[in-house]
Amino acid sequence: MTSRHPAARPLPQLAVSVAVAAAFAAPAQAYDLLNDWPTRFKTDAGVEYGVRATIQYDTNHFSDDTLPNGSARFGDLETWRRKETYLYARKNGVWELAAGYDFQAHLWVDAYFRLFNRKVGDFRLGQFKTPVGFEEGAIGSGSTTFLERALPVQAVNQGRRIGVDWTYENLPGWLLNAAWFSGGDLNGDNDGTTWAARAVYNPVKNDTTVVHLGAAASAEERDDEIARIRARPEANLTAIRLIDTGNLAGAERIRRVGLEGAWAQGPFSLQGEYLTIAAARRTARDFSGDGAYLSGSWVLTGESRPYKSGGFGNVKPRHDYGAVEVALRYSTLDLNDGLVAGGRQHDWTLGANWYLGQHIKLQANYIRAFSDKGALALDPKITEVRAQIHF
């Protein structure tokens, strides 16, 4: 549903359900209701079957986005962001089979078969996320601190591809990952091949403190030899990008590099990345762009962000009324290089999250975006709200 400045909007059905449960249920009953969802069962042979889902309803409201001709660059938007549903079967420590589909975007998401082996590492075959871009590759779409990933992560990360990878976590303090992707994705796009690797080191990792240091790199050869680097303004209901290189033809190889770091202690955490992307071109000058972000969060109710296998998950509330988190992020992206005037942008984002049990999260973000592309400078203000069910 699209409008510029609607006089009134009905609350999405999901948000109404959450409000009713929070307002009228007894605290102990509400906590049980919000946590005890029978979405899986295990056989006597130890095989677990289940369903997972991430369902999100978003609103995006824009202001201060008037173009020189007097029209607004963006329209206010309200719709489902994701309807990702997964069916899975697994035997702990032995194997896992999963297949997921996003019924909102009408796209296949993760779909793979994985074998676990403590001695030599885990092997996975199918479609899954590429590793360059910590905030995208290692943190699930239902577990992000902010509604959308930072500018440079959107621009650099490849998304999902079909391939095979190996992950090893049995060297104390280390996580190692190597992958090869070929044949594009299950949705019929992005034909080509990619080699990728990621390494994470935890000099400190205990019940109260985590220090995360990581690096990732990839080399992609696309069959169409076209590179395009762009990012939405951290409001992803819109298809409009304020900065965009356009199609860079003759791109023989696209190289991506990411440096990542995070620190978490009790209710406080910091997270950041520096990302670069470079296209080696046959028909024109090579292109390179880069960006970075730094974010911090504070869980006001005292819980910690859980950390496992090189990534953070959703806060798990200790109280019947849930957990409350506030966060701040700065992100920047530069897509100007030589004759390619893709533009520059930096955003400030203030966020607040309310975790109700293990499955429901309400989020709100306020973004001040500052962009400059050629002769056009546009600095919109964006307000976003999300209601999410995740299990």
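Guide: Here we set values against the definitions behind them.

Guide: This is a predicted model, where local features need pLDDT of at least 70 and side-chain atom pairs count only at pLDDT 80 or more, while totals for chains, interfaces and linings use all residues. Residues are numbered from 1 along each chain as its sequence is written, and side-chain values use heavy atoms, with hydrogens and water left out.

Visitor: Why does Asn 314 count as buried?

Guide: Buried means under 20% relative accessible area, exposed over 50%, and partly exposed in between, with a 1.4 Å probe and protein chains only. Asn 314 has 12% relative accessibility, so it counts as buried.

Visitor: Where is Asn 314 found?

Guide: Asn 314 is in the loop between strand E20 (311-312) and strand E21 (323-337). Strands here are DSSP runs of at least two residues, helices (H or I) runs of at least four, numbered from the N terminus.

Visitor: Which residues does Asn 314 touch?

Guide: Contact means heavy atoms within 4.5 Å. Not counting residues up to four places away in sequence, the partners of Asn 314 include Gly 142, Tyr 355 and His 390. Its side chain also reaches the backbone oxygen of Gly 142 at 2.9 Å.

Visitor: What makes Glu 48 and Arg 90 a salt bridge?

Guide: The term asks for a side-chain nitrogen of Lys or Arg within 4 Å of a carboxyl oxygen of Asp or Glu. For the side chains of Glu 48 and Arg 90, the N to O value is 2.9 Å, and they meet in a salt bridge. The pair links distant parts of the chain, 42 residues apart: Glu 48 in strand E3 and Arg 90 in strand E4.

Visitor: Are Glu 48 and Arg 90 buried or partly exposed?

Guide: Glu 48 has a relative accessible area of 9%, so it is buried. Arg 90, at 24%, counts as partly exposed.

Visitor: What does the salt bridge between Glu 260 and Arg 198 look like?

Guide: The closest N and O atoms of Glu 260 and Arg 198 are 2.7 Å apart. Glu 260 lies in strand E16 and Arg 198 in strand E10, so the pair ties together parts that are 62 residues apart in sequence. Glu 260 is buried at 5% relative accessibility, and Arg 198 is buried at 9%.

Visitor: How many salt bridges does the structure hold?

Guide: The structure holds 25 salt bridges. Arg 161, Glu 220, Arg 222, Asp 224 and Arg 256 are linked in a network of them.

Definitions and conventions:
A polar contact is a pair of N or O atoms within 3.5 Å; within protein, one must be able to donate a hydrogen and the other to accept it, and residues adjacent in sequence count only if both atoms are side-chain atoms.
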